[in-house]
Amino acid sequence: MAGGNERSMKALKEVWRRAENSLCADCGKPDPDWASSTLGVFICLSCSGIHRNIPSISKVKSLKMDHWDDAQVQFLAKHGNAVTKATYEAHIPIYYYQPTYNDCQVLREQWIRAKYERREFTEPGKQLPYSDGVKEGILWKRGRDNGQFLPRKFLLSEREGCLKYFTKQDAKEPKINVKIDVINATFQPVKIGNPNGLQLTYLKDNKTRNIFVYHESGKEVVDWFNAIRSVQFHYLKVAFPIASDNEIKNRLTRNFLKEGYMEKTGPKQREAFKKRWFTLDHRRLMYFKDPLDAFAKGEVFVGSRENGYSVQKGLPSGTQGNFSWHYGLTIVTPDREYLFTCETETDQLDWIAAFTSVINQAMTPQEYASKCLDAVSFPS
């Protein structure tokens, strides 16, 4: 019996060491140490918890702590991540967002359920709830003034190229009508205070507007997210006919590079520093009094190093404004310097790294145009 166990463990380790099994089959996290004995995939601890919630489809075991018999090891050897992905990920739409281990729970759970439970990607041309160019339904929307979440009707239309929402079910005219090409959607469960919280951001008169929504159903809110990406993809295919599918895919919804609190001072650099919530959305740095504000109080364009932009650790000597946080950083632009302080050194270094990643990228023609249009600066 002991020899049989040793033989099974040796065979298990050989399958486990295959290059195809070195990343989690669902989120891509390195060094997965769990596996599904019924699907034949190697997965991380976090994804194994999601698999455990669909026991009719997947039975998971630890590769380090649980016993694997010969038949189970042979099943893993016959399948593994490459073979299983070839079945369950055979026909993923180009616009469908495939989450990583850095993404929130609802995105990862619905990705796993879409693959294995609903088998959404196993057949070509399958009709999917986010693929037909129109979606209508109720989302709970946060009120701009009172902060209450109330049910609102939303309508997404590929034919009209827009997203609308209505304050009443029977309303004829929408409260807001947003062109699909200016919308960004990103999951914000912590900020919104709901595991299915979704932030919709769009430009209005070259200013950023935020809408915060959620749905009780994780599947429904992720379907909305992918429906927005689907409509955007088809809109951009028409607008940019010579662009490749991957180029267009990279222009769909995006996560913010960095968010969090910093203190800031005004343009004279003698005013008291005030605590504000900052969002870095590629080259747009916005600040809000509250993370759930509908409109940014100010924005600044973050250009490239070759155009005179840089980020420096610390504040200029002789800075006069009073501040309570002592880890400073300075954004240098051709027009002026912007001064910020962070609560911890870790926050300071993270912000510097985020700004550096943007500044080191060459600007595109579209970004030059955006800078020329952007008349918004940082008030005090």
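Trainee: By class, how many nonpolar, polar and charged residues does the lining of the largest cavity have?
Mentor: The lining of the largest cavity has 4 nonpolar, 4 charged and 2 polar residues. Here Ala, Val, Leu, Ile, Met, Phe, Trp, Tyr, Cys and Pro count as nonpolar, Asp, Glu, Lys and Arg as charged, and the others, Gly among them, as polar. This is a predicted model, where local features need pLDDT of at least 70 and side-chain atom pairs pLDDT 80 or more, while totals for chains, interfaces and linings use all residues. Residues are numbered from 1 along each chain as its sequence is written, and side-chain values use heavy atoms, with hydrogens and water left out.

Trainee: What counts as a cavity or a pocket?
Mentor: On a 1 Å grid over the protein atoms alone, a cavity is a set of points where a 1.4 Å probe fits but cannot get out. A pocket is an open set with protein on both sides within 12 Å along at least five of seven lines, and lining residues have an atom within 4 Å of a point. Points are joined across faces, edges and corners, and a volume is the space filled by probe spheres set on them.

Trainee: How many cavities of 30 Å³ or more does that give?
Mentor: The count is 3.

Trainee: Which residues line the largest cavity?
Mentor: Lys141, Arg142, Gly143, Arg144, Arg209, Asn210, Ile211, Phe212, Leu292 and Ala294. The elements giving two or more residues to that lining are β4 (134-142) and β10 (207-214). Helices (H or I, at least four residues) and strands (E, at least two) are DSSP runs, numbered from the N terminus. The largest share, 4 residues, comes from β10.

Trainee: And which residues line the second largest cavity?
Mentor: Pro129, Tyr130, Ser131, Asp132, Gly133, Val134, Lys135, Leu156, Ala227 and Val231. Two or more residues each come from β4 and α7 (218-239). The lining of the second largest cavity divides into 6 nonpolar, 2 polar and 2 charged residues.

Trainee: Pockets now. What volume does the second largest pocket have?
Mentor: The second largest pocket has a volume of about 410 Å³. Its lining has 22 residues, and Asn102, Thr186, Phe187, Gln188 and Asn255 lie nearest its centre. Elements that give two or more residues to this lining are β8 (183-187), α6 (189-192) and β11 (258-264). By class, the lining of this pocket holds 11 nonpolar, 6 polar and 5 charged residues.

Trainee: Back to a residue. Is Ser157 buried or exposed?
Mentor: Ser157 has a relative accessible area of 8%, so it is buried. Buried means under 20%, exposed over 50%, and partly exposed in between (1.4 Å probe, protein chains only). Ser157 sits in strand β5 (residues 149-157).

Trainee: What lies 3.1 Å from a polar atom of its side chain, the one of Ser157?
Mentor: The backbone nitrogen of Glu160. Leaving aside neighbours within four places in sequence, Ser157 is in contact (heavy atoms within 4.5 Å) with Gly133, Cys162 and Val231.

Trainee: What stands opposite Ser157 in β6?
Mentor: Cys162. β5 and β6 pair in the antiparallel sense over 5 bridges, where pairing takes at least two DSSP bridges between the strands. Their hairpin has 4 residues between the strands, and Gly161 takes a positive phi near 65° there.

Trainee: How many residues of β6 (162-166) are buried?
Mentor: 5 of its 5 residues are buried. Cys162, Lys164 and Phe166 are on one side of β6, with Leu163 and Tyr165 on the other. In a regular strand, side chains alternate between the two faces of the sheet. β6 also pairs antiparallel with β7 (residues 176-179) over 4 bridges, with Leu163 opposite Val178.

Trainee: Last one: why does Thr330 count as buried?
Mentor: Because its relative accessibility is 2%. Thr330 is in strand β16 (residues 327-332), and a polar atom of its side chain lies 2.8 Å from the backbone oxygen of Gly314.

Technical notes: Polar contact = N/O pair within 3.5 Å; in protein donor to acceptor, adjacent residues only side chain to side chain.
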